[in-house]
Amino acid sequence: MKINITETVLRDANQSLIATRMPFSDFEGVLETLDKAGYYSLECWGGATFDSCLRYLDEDPWERLKKIKVKVKKTPLQMLLRGQNILGYKHYPDDVVRKFVAHSVDSGMDIFRIFDALNDFRNIQVAIDETIKQKAHAQGCICYTTSPIHNLENYAKMGKQLESMGVASICIKDMAGIMGPQEAYDLVKTLKESVKIPIFLHTHSTTGLGPITYVKAVEAGCDGIDCAISSFSGGTSQPSTETLNYALKQTGYNTGLNEKVLKDINDFFKPLKTKYISSGLMDAFVLGTDTDALVYQVPGGMLSNLIAQLKSQNAIERLDEVLAETPKVRKDLGYPPLVTPMSQMVGVQAASNVLLGERYKSVSKEVKSYLRGEYGQAPGEIDPALVKKVLGDEKPITIRFADTLEPEFDKVKEQLKNVTKSEKDVLSYIAFPQIAEKFFKEREERTATKVTYSIIKK
């Protein structure tokens, strides 16, 4: 049986270990080698890469994708898309979502992994539809979590729903690395019995379970897994590509990967890892194993945010109280999966409840928007008393929130006609207005100050 392996070093491993700070110039020299390895796909865009390019790396994310495509001619390129949120934290109108998908395909994207933080599939329908229209591969996600309402029966329903929406494959997305080997086996087996399309699994090494979980998932019939080349694997990243390749081949599976090329790829990234550690960009904390997530069901990134928040308020000694409050807040909110942006919202609210000495004395604007239905339908029932306290007599919306949004693209394009150079620039601005505006200004200044010298021979 062929097991498809997706390489994450250019996106999720980069994002998980060094906060997506790897510039194009650092990995340009290995792209053609990556293309020879035999990967199913190369994840290289989406997630936080877009924001990071504009904000920190002084790169146009669209140009970055095009330059990758020039060098990677055989291996499909893959991205992570947050459905109606695209790459940000709020919902955008349908016309913007469609334009973004279309321009992504035009710039070289092949596979779109599309998810919604609440598994409200109304919020990924437009992105899936446009991906299919653009003749690209639409992969629908099930965000994995554990709760009294998240069971195999419900996950099977989600799988069937995604298949009926026309996706070409399904990805089980375990953001926190909390999926154990038996859970992986049971869930993959259930989905394989429920749908006919391929099943992929994405996890992290955060809790140390990743490699075991992958092997059991493959035994249950999983078609593909996400791995990171060994020098950028482990910790909050994915399990090692070479390790899984070795283990799977030894147990009779075919990965199609070339071990010699994998070694060349790893040899390329080793000095980069050394450089990032020396500069402080890669911290030892993210390279270790943290089993707290198994106890608290709190992802590593969410835990580090909570610690930073409490330290800033000189209240780190109250961490245990906040961790104990977190599952209670999650229950009150209808058991949302703890993935961006829900993990941040639940964590901040739990800290607020503890530090102010009264539950929901202060409620963040994001939680208020969630209670209004602006993020989508909660997986379970939201505590009615909390809804009443926050919204009063206001009724939450039950329709898809994007249906309340006016088309935006053409209007913004007209407003920016003297600032932007392309429709891709317009999309960058819509996603991150202030950051994109600063990027355009600096780009213009660089262009204006370029001087061409000519040497006259005498």
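A pocket, as I use the word here, is an open set of grid points with protein on both sides within 12 Å along at least five of seven lines. I keep that beside me while I look through this model, which is predicted.

**Entry: pockets and cavities**

I looked up the second largest pocket. It holds about 560 Å³ of space. I counted 22 residues in its lining. Tyr 89, Lys 90, His 91, Glu 366 and Tyr 375 lie nearest the centre of this pocket. Which helices each supply at least two residues of the lining? I found helix H16 (342-355) and helix H17 (365-372).

Then I turned to the cavities. There are three of 30 Å³ or more. The largest cavity has about 70 Å³ of space. Its lining includes Tyr 144, Thr 145, Asp 174, Met 175 and Ala 176. Ile 178, Gln 297, Pro 299, Arg 330 and Leu 338 also line the largest cavity.

I followed the strands next.

Strand E4 (residues 111-114) and strand E5 (residues 137-143) pair in the parallel sense. Four bridges join E4 and E5. Arg 113 stands opposite Gln 139 in E5.

**Entry: strand E5**

Is E5 enclosed or open? Seven of the seven residues of E5 are buried, so this strand is largely enclosed by the rest of the structure. I reminded myself that in a regular strand the side chains alternate between the two faces of the sheet. Both faces of E5 are covered. On one side I list His 137, Gln 139, Cys 141 and Cys 143, and on the other Ala 138, Gly 140 and Ile 142.

**Entry: Ser 147**

I moved on to the loop between E5 and helix H8 (152-164), where Ser 147 is placed. Is Ser 147 buried or exposed? Its relative accessibility is 16%, so I count Ser 147 as buried, the limit being under 20%. A polar contact of 2.6 Å joins the side chains of Ser 147 and His 150. Leaving aside neighbours within four places in sequence, I find Ser 147 in contact with Arg 330 and Tyr 335. Arg 330 I had met already, in the lining of the largest cavity.

**Entry: Arg 372**

My last stop was helix H17, where Arg 372 lies. This is one of the helices that supply lining to the second largest pocket. Arg 372 has a relative accessible area of 27%, so I note it as partly exposed. Which residues does Arg 372 contact, leaving aside its neighbours within four places in sequence? I wrote down Leu 391, Glu 394, Pro 396 and Ile 397. With Glu 394 there is a side-chain polar contact of 3.2 Å. I also looked up a C-alpha separation: 40 Å between Arg 372 and Gly 221, which are 151 residues apart along the chain.

Technical notes:
Residues numbered from 1 in each chain as written. Predicted model: local features only at pLDDT ≥ 70, side-chain atom pairs only at ≥ 80, totals over all residues. Heavy atoms only, no water. Pairing = 2+ DSSP bridges. Buried < 20%, exposed > 50% of the residue type's maximum accessible area, 1.4 Å probe, protein only. Polar contact = N/O pair within 3.5 Å; in protein donor to acceptor, adjacent residues only side chain to side chain. Contact = heavy atoms within 4.5 Å. 1 Å grid on protein atoms, 1.4 Å probe; cavity = no way out; pocket = protein on both sides within 12 Å on 5 of 7 lines; lining within 4 Å. Points joined across faces, edges and corners; volume = space filled by probe spheres on them.
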